[in-house]
Amino acid sequence: MNRIDAILRDPVFPRIKAAVIAATGLAYYADKDAALAERINRRLADKPAVGLAAYLGRLAAEGPAGPEYQALINELTVGETFFFRYAEQFEALCAVAIPECLRRNQDSRLLRIWSAGCSIGPEAYTLEILLKRHFADQLRDWQVSIVGTDLNASFIDTARRGVYGNWAVRGLDPAVLAECFDRQGDLWAVKPRFREWTSFSVFNLVDGPLPNYPRGLGALDVVLCRNVMIYFDEPTRTRLLDGLFEVLVPNGWLVVGHAETGQQVNSLFTPVPVPGATLYRKPRPGGNPAAAQPAAAPAITAPAVTAPAVPPAARTLRTALTRTGLTPPPP
């Protein structure tokens with residue numbers, strides 16, 4: 001019997017499984033025992049004398065913020081992502097949501113955006129690149145904040161460095177690479193100019209309170225939480241959607257993955273279809289999320305779609321199968 005089989009047969013394994021899913025929300029592993037056992041085996045490879053009972057005890061003593069728990073989380077998640085991923089949604093933000101936010105916040109001159117489940121950071125940096133390439137004049141003298149969070153601490157370390165391989169920048173026009181990145185051998189570093197508004201921190205979407213104003217997660221204009229909730233069970237998704245609703249200002253915008261639409265989202269937010277994508281808008285108090293809001297109509301008329309768009313070269317990234325944020329690997 002090999003080590004993975006021994007882990008699966010150990011009576012402590014179900015307890016580790018339950019503890020990990022409860023701490024991370026990764027219900028993806030609920031029916032993937034072999035995949036979970038293989039990841040645990042990686043963590044035990046250099047600890048041959050440690051049994052599952054002792055390992056569970058260490059995880060319980062540390063808690064999810066502890067080094068071994070974080071190392072296991074690193075095994076359970078994958079940071080594969082790239083710039084301008086799902087370009088249609090960025091086009092919709094540029095054509096509809098950002099111009100509406102600029103009109104609505106003209107007096108306060110504040111713009112606050114959250115990239116939830118940001119993985120290694122390209123989504124958050126893409127937002128700053130878009131804002132500075134297409135709305136620089138409108139945002140002059142504004143206070144802009146883009147916060148990227150992820151459960152995986154090693155992903156956040158990578159995001160803060162802002163240095164990526166060719167895979168993360170694939171498909172980008174050479175002019176965009178030259179303007180937005182510094183070449184470092186075989187790597188690409190986001191230029192300081194496109195990192196001024198963006199910050200990153202570790203945050204657990206499952207048990208982190210929302211709103212969380214000390215983390216900058218409150219009174220937000222736009223939240224991107226793409227392809228994260230598909231790995232949670234229904235109660236966790238419901239709690240998270242309630243939290244995302246609370247962190248947004250009235251008429252704020254939510255962007256979710258294409259597989260995360262449905263009744264749970266529609267019960268809270270107003271779907272706003274635009275060419276190639278659907279955005280979701282938080283109704284004003286007393287509004288009906290199931291019905292279109294007359295006040296929002298100017299933001300979705302045809303002229304708004306002609307606003308500054310995502311660089312055309314980025315549209316070649318539309319068929320990619322990777323995701324931003326917490327991505328459990330294939331079994």
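**Notebook: salt bridges and a helix crossing**

I started with E100, which forms a salt bridge with R104; their closest N and O atoms are 2.9 Å apart. I note that this is a predicted model.

I looked up where the two residues sit. E100 and R104 both belong to helix 6 (residues 87-104). They are 4 residues apart, about one turn of the helix.

Next I checked burial. Is E100 buried or exposed? E100 has a relative accessible area of 8%. The cut-off for buried is under 20%, so E100 counts as buried. R104 comes out at 23% relative accessibility, so I logged R104 as partly exposed.

I moved on to R58. Its salt-bridge partner is E62, with 3.2 Å between the closest N and O atoms. Both lie in helix 4 (residues 52-62). The spacing is 4 residues, so about one helical turn separates R58 from E62.

R58 has a relative accessible area of 39% and is partly exposed. E62 is partly exposed as well, at 26%.

**Count, and a pair between helices**

How many salt bridges does the structure hold? I found 18.

I picked out E68 and R43. Their side chains meet in a salt bridge, 2.8 Å from N to O. I traced E68 to helix 5 (residues 67-76) and R43 to helix 3. The two are 25 residues apart in sequence, so this pair ties together separate parts of the chain. I checked both residues for burial: E68 and R43 are each buried.

**Helix 2 against helix 3**

Last, I looked at how helix 2 (residues 13-24) meets helix 3 (residues 33-44). Their axes come within 11 Å. The crossing angle is roughly 90°. Helix 2 and helix 3 are therefore roughly perpendicular to each other.

Which residues make the contact? From helix 2 I listed F13, I16 and K17. From helix 3 I listed D33, L36, A37 and I40. I sorted this contact by class: 5 residues are nonpolar, 2 are charged and none is polar.

Methods: Residues are numbered from 1 along each chain as its sequence is written. This is a predicted model: local features need pLDDT of at least 70, side-chain atom pairs count only at pLDDT 80 or more; totals for chains, interfaces and linings use all residues. Side-chain values use heavy atoms; hydrogens and water are left out. Axes are lines fitted to C-alpha atoms, for helices over the stretch in contact, and angles run from 0 to 180 degrees between N-to-C directions. Angles under 35 degrees count as roughly parallel, over 145 as roughly antiparallel, 65 to 115 as roughly perpendicular and the rest as oblique. Contact means heavy atoms within 4.5 Å. Ala, Val, Leu, Ile, Met, Phe, Trp, Tyr, Cys and Pro count as nonpolar, Asp, Glu, Lys and Arg as charged, and the others, Gly among them, as polar. A salt bridge is a side-chain nitrogen of Lys or Arg within 4 Å of a carboxyl oxygen of Asp or Glu. Buried means under 20% relative accessible area, exposed over 50%, partly exposed in between (1.4 Å probe, protein chains only).
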